[in-house]
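Please examine the following protein model with attention to its charged side chains.

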Amino acid sequence: MNQVRLPKLSIAVIGLVVASVFHATPVLGAILTRQEFSGDFTLVDATTPFLTNSLPFESEYSGFVVYSESGTLSDWELSVNNLDLNLNPGSNNGSNLTPDVDFELDSRSNWNLVVDFGIAFDAPRYTLERTSSSEITLTGAVGRAGTYIYQDSAANITLSSSSTSVREPTSLLSLLFGVGAIAVSKKVGKTKSEA
């Protein structure tokens with residue numbers, strides 16, 4: 001009885017592995033676009049005197065976004081020197097708050113990245129937006145204290161884009177099928193010799 005079930009068990013295990021690989025395949029084969037950006041910000045608006053007096057007038061920034069053709073955000077990073085912002089998917093706000101990230105892509109070049117830590121004085125919302133090749137803005141909402149906007153100009157923007165096509169793992173699937181076939185043939189040969 002057990003000798004008959006062993007090959008069937010091997011085939012079932014191999015089937016589960018292959019099915020899991022096929023389940024992950026739609027993510028692979030996508031074209032990913034990575035945009036790196038850097039430049040200088042100038043404070044153009046601060047809604048309260050407190051922010052006007054406390055925020056630096058100028059700052060440098062850098063970062064990147066990686067997204068698929070459908071606009072799904074894969075990876076991102078944003079650093080602003082004079083604001084001490086170093087944000088990425090693993091960021092928190094010092095009190096175990098992980099950011100809620102909203103990413104909108106209007107075209108292959110215009111995007112909107114919102115990093116939201118919640119509504120509180122120490123948990124602001126940051127919006128980084130590239131609306132055209134000549135403008136990048138950073139809007140920071142500091143809880144109920146107000147909002148500030150840093151804006152870039154075309155002369156200071158450094159922006160580079162690259163697209164990468166991620167290949168589907170055809171060689172991996174072939175390897176799985178080959179190993180599976182060898183395992184099944186060995187099990188079947190073993191049961192016949194024991195019989």
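This is a predicted model: local features need pLDDT of at least 70, side-chain atom pairs count only at pLDDT 80 or more; totals for chains, interfaces and linings use all residues.

Residues are numbered from 1 along each chain as its sequence is written, and side-chain values use heavy atoms, with hydrogens and water left out.

Q: In what order do the elements of the protein run from the N terminus on?
A: Helices (H or I, at least four residues) and strands (E, at least two) are DSSP runs, numbered from the N terminus. The protein has three helices and 10 strands. From the N terminus on, the order is α-β-α-β-β-β-β-β-β-β-β-β-α.

Q: Which side chain meets that of Arg125 in a salt bridge?
A: A salt bridge is a side-chain nitrogen of Lys or Arg within 4 Å of a carboxyl oxygen of Asp or Glu. By this rule the count comes to two salt bridges; in one of them, Glu36 and Arg34 meet at 2.9 Å, N to O. Arg125 takes part in a salt bridge of 2.7 Å, N to O, and its partner is Asp116.

Q: Is Asp116 buried or exposed?
A: Buried means under 20% relative accessible area, exposed over 50%, and partly exposed in between (1.4 Å probe, protein chains only). Arg125 has a relative accessible area of 32% and is therefore partly exposed. Asp116 has a relative accessibility of 16%, so this residue counts as buried.

Q: With which side chain does the side chain of Asp152 make a polar contact?
A: Asp152 lies in the loop between β9 (147-151) and β10 (158-165). Asp152 is buried yet has no salt bridge, and the nearest side chain of opposite charge, Arg130, is 9.2 Å away. A polar contact is a pair of N or O atoms within 3.5 Å; within protein, one must be able to donate a hydrogen and the other to accept it, and residues adjacent in sequence count only if both atoms are side-chain atoms. At 2.2 Å, the side chain of Asp152 makes such a contact with the side chain of Tyr61.

Terms used: Lys and Arg count as positive and Asp and Glu as negative; His and the chain ends are not counted.
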